[in-house]
Amino acid sequence: MKRRFYKVCISLKEQSNISYAKIASAAGFSDMNLIIIKATSPDDLPVHEKYIQYFLKLFSLSPSSCHSFAISFTRRFGTTSSWRVALKSLILLHRLLRSVQGNSPLWAELLWTRSNGLISLYPCHFKDATSSSSTCSISYTNFVNSYAQLLDEALNCVALDSKKLENKKYEGEKNETFREKMNEMGEILEILPQLQSIIDRVIDCYPIGVATRSFIVQSAMKHIIRDSFVCYTKFRAEIVVVLENLFEMSYRNCIAAFNIYKKSAVQTNKLCEFYEWCKAKGLCGYYEYPLLEPIPGIQIKALESFLSGMWQLTESSSSSMSDQESSSVFTEEDGRQQKEMIKGNEEEKPLIDLEGEYDDDVSWETVLESSVSFCHANDQNDLFSSNSFDEMWELATYKSPAAAASNPFSQQSYESSYCGRFAHNPVYPWGL
């Protein structure tokens with residue numbers, strides 16, 4: 001009895017609002033609240049096309065009207081307890097978002113109202129109180145909440161603007177450097193999870209119970225399904241570009257692309273079941289549905305094995321580089337120690353040995369004269385002889401072929417490897 005009385009009160013409230021809006025419009029008063037109330041009347045008819053065109057014309061002539069629309073929509077959707085009013089409000093918002101561009105003030109105003117807590121699409125606190133039974137109320141409430149969550153996700157993904165993605169596609173056809181190409185791959189990897197989240201929200205908009213027989217619910221489902229066509233087509237086009245450039249991306253981007261591709265394999269199966277149910281209910285034409293391409297599990301396993309091999313390769317290369325650095329440090333320290341040992345073992349010999357055995361009768365003038373003549377003779381015969389000088393020069397400059405090849409700083413080996421590698425077939429990095 002209490003539920004029925006509450007239902008009658010809500011119906012009277014909604015009818016009085018509609019009557020007031022019609023009388024005010026007939027009297028010449030025009031307000032955003034009145035127009036939204038008339039567009040979302042609590043009946044089983046879909047939103048009339050004239051209201052959509054009126055709002056679009058108003059937004060183009062006066063961008064400041066987007067703020068008043070956002071406030072009026074928040075008041076209308078947040079204060080109603082009728083599933084018809086709430087659902088038609090969401091349909092009105094959905095159609096307006098599809099008709100305006102991503103840089104429209106409407107997007108900015110809706111994001112402003114959401115950030116300030118004036119509207120809450122997710123989590124949505126709507127609860128139907130006009131249905132005849134609790135089962136019907138739960139069915140309509142779940143569908144309205146799922147639809148509101150989808151629109152909330154669409155507000156987060158402003159990159160779904162068709163012109164924006166088309167411009168990116170045209171820019172990708174131009175000649176670009178490797179760095180610009182990798183930056184574009186990074187942007188695509190940021191957009192693809194957003195498209196996947198929207199497709200998940202579309203699959204969640206699965207009406208159950210008596211909600212499947214409602215004409216307004218079926219009208220809303222047609223708009224939802226057509227948006228999923230666009231999202232899936234864009235996702236397939238972008239994921240193909242990512243897979244074509246997978247071998248050129250960094251390991252972190254490869255892991256991100258693999259996770260997206262692995263999730264799309266499961267998501268495609270769910271989307272196929274959802275589309276089969278929509279076809280059975282007669283929602284949209286058969287020619288409108290895109291061709292779903294299931295991803296085989298063997299392809300996922302092949303990509304996973306490739307990435308694991310790539311990780312092992314990076315680990316082995318990093319370990320080999322660390323071993324080379326440690327060995328080079330060891331050889332340098334070892335060489336220094338050997339040099340110090342050689343220097344320590346060397347004994348300095350005096351030019352004139354005064355500790356030799358000389359006769360006491362010989363004077364010091366004779367010893368000095370003989371030592372000078374002896375040094376002069378040795379300098380002429382040994383140090384400045386041509387044969388000994390040539391032998392010393394050959395010993396100083398001789399290098400074996402094996403030593404030259406093993407030395408990375410050898411000029412001969414560097415020039416030979418450089419000429420052999422780039423002289424006949426020059427290869428330049430990244431096409432420069």
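Predicted model: local features only at pLDDT ≥ 70, side-chain atom pairs only at ≥ 80, totals over all residues.
Local features need pLDDT of at least 70, side-chain atom pairs count only at pLDDT 80 or more, and totals for chains, interfaces and linings use all residues. Residues are numbered from 1 along each chain as its sequence is written, and side-chain values use heavy atoms, without hydrogens and water.

**Exercise 1.** Find which residues of helix 6 and helix 7 meet.

Solution. 
- Look for contacts (heavy atoms within 4.5 Å). On helix 6, pick out Trp-107, Leu-110, Leu-111 and Arg-114. On helix 7, their partners are Asp-152, Ala-154, Leu-155 and Asn-156.
- Sort the residues of this contact: 5 are nonpolar, 1 is polar and 2 are charged. Here Ala, Val, Leu, Ile, Met, Phe, Trp, Tyr, Cys and Pro count as nonpolar, Asp, Glu, Lys and Arg as charged, and the others, Gly among them, as polar.

**Exercise 2.** Decide whether Ser-214 is buried or exposed, and find its contacts.

Solution. 
- Ser-214 has 8% relative accessibility, so it counts as buried (under 20% relative accessible area; exposed is over 50%, partly exposed in between; 1.4 Å probe, protein chains only).
- The Ser-214 side chain reaches the backbone nitrogen of Ile-216 at 3.5 Å.
- Beyond neighbours within four places in sequence, Ser-214 contacts Trp-83 and Tyr-140.

**Exercise 3.** List what Phe-69 contacts, leaving aside neighbours within four places in sequence.

Solution. 
- Phe-69 contacts Met-32, Ile-36, Phe-55, Phe-59, Leu-92, Leu-93, Leu-96 and Leu-106.

Definitions and conventions. Helix = DSSP H or I, 4+ residues; strand = E, 2+ residues; numbered from the N terminus. Polar contact = N/O pair within 3.5 Å; in protein donor to acceptor, adjacent residues only side chain to side chain.
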